[in-house]
Amino acid sequence: METESKIAGRREWIGLSVLVLPVLLISITVTVLYFALPFLSADLQPSGPEQLWIVDIYAFWLAGLLIVMGTLGDRIGRRRLL
């Protein structure tokens, strides 16, 4: 039994790019937030737990989106969701 190795075509690469783009945007936003945190702390003077909330809210947001989109994908189908 021969196995064929399938090489990704243009459609697959475009699909991968579309799926990676939101994660890239969130990563850039978190990086900017880390650079801005000292300036935010100087202006707003948040407590320690408030600083943690400022930084961790993106992780909670991403986790919430994963749960919602996973459930939606299960209900209506991943291909249709995309």
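**Entry 1: helix 2**

I began with a bend: helix 2 has a kink of about 45 degrees, centred on Asp56. I note at once that the model is predicted.

Next I checked the length of helix 2. The helix covers residues 48-76, which makes 29 residues. At 1.5 Å a residue I should find a span of 42 Å. I found the end C-alpha atoms 42 Å apart, so the two values agree.

Then I looked at what comes after helix 2. Gly77 follows, and its phi is positive, near 100 degrees.

**Entry 2: aromatic rings**

How many aromatic pairs are there? I counted two aromatic pairs. One is Trp53 with Phe60, with ring centres 5.6 Å apart. Their planes stand at 45 degrees, so I logged this pair as tilted. The other is Tyr58 with Trp61, with ring centres 6.4 Å apart. Here the planes stand at 80 degrees, so the pair is edge-to-face.

Trp53 has 54% relative accessibility, so it counts as exposed. Tyr58 has a relative accessible area of 25%, so it is partly exposed. Trp61 is partly exposed too, with a relative accessible area of 46%.

**Entry 3: helix 1**

Where does helix 1 bend? I located the bend at Ala36, and it comes to about 45 degrees. A proline, Pro38, follows within four residues.

I then listed the buried residues of helix 1. They are Ile26, Val30, Leu33, Leu37 and Ser41.

Ser27 also sits in helix 1. Its relative accessibility is 38%, so I put it down as partly exposed.

I checked the backbone of Gln45. Its phi is positive, about 50 degrees, although Gln45 is not a glycine. Its relative accessibility is 65%, so Gln45 counts as exposed.

**Entry 4: a charged pair**

I searched for salt bridges and found one in the structure. Which residues form the salt bridge? Arg78 forms it with Asp74. The closest N and O atoms of Arg78 and Asp74 are 2.8 Å apart. Side chains of opposite charge can pair when their charged atoms come close. I checked exposure here too: both Arg78 and Asp74 are exposed.

**Entry 5: the whole chain**

From the N terminus on, I read the elements as α-α-α. The radius of gyration is 19 Å. The globule rule gives 12 Å for 82 residues, and 19 Å is well over that, so the protein is more spread out than a compact globule.

I noted the extents next. Along its principal axes the C-alpha trace spans about 65 × 30 × 25 Å. How much of the protein is buried? Of its 82 residues, 10% count as buried.

**Entry 6: the record**

Last, I set the UniProt annotations against the model. An unreviewed UniProt entry gives "domain: Major facilitator superfamily (MFS) profile" for residues 15-82. In the model, that span is 93% helix and 0% strand. Its end C-alpha atoms lie 9 Å apart.

Where does UniProt place the feature "transmembrane region"? The unreviewed entry puts it at residues 12-40 and 52-72. I checked both stretches in turn. Residues 12-40 are 100% helix and 0% strand, with end C-alpha atoms 41 Å apart. Residues 52-72 are also 100% helix and 0% strand. The end C-alpha atoms of residues 52-72 lie 30 Å apart.

Notes
Residues are numbered from 1 along each chain as its sequence is written. This is a predicted model: local features need pLDDT of at least 70, side-chain atom pairs count only at pLDDT 80 or more; totals for chains, interfaces and linings use all residues. Side-chain values use heavy atoms; hydrogens and water are left out. UniProt positions are given in the numbering used here, feature names are shortened, and annotations may be inferred rather than shown by experiment. Helices (H or I, at least four residues) and strands (E, at least two) are DSSP runs, numbered from the N terminus. The expected span of a helix is 1.5 Å times one less than its number of residues. The bend at a residue is the angle between axes fitted to the seven residues ending there and the seven starting there. Rings of Phe, Tyr and Trp (its six-membered ring) pair if their centres lie within 6.5 Å; planes under 30 degrees apart count as stacked, over 60 as edge-to-face and the rest as tilted. Buried means under 20% relative accessible area, exposed over 50%, partly exposed in between (1.4 Å probe, protein chains only). A salt bridge is a side-chain nitrogen of Lys or Arg within 4 Å of a carboxyl oxygen of Asp or Glu. The radius of gyration is taken over C-alpha atoms; the globule rule is 2.2 Å times the number of residues to the power 0.38.
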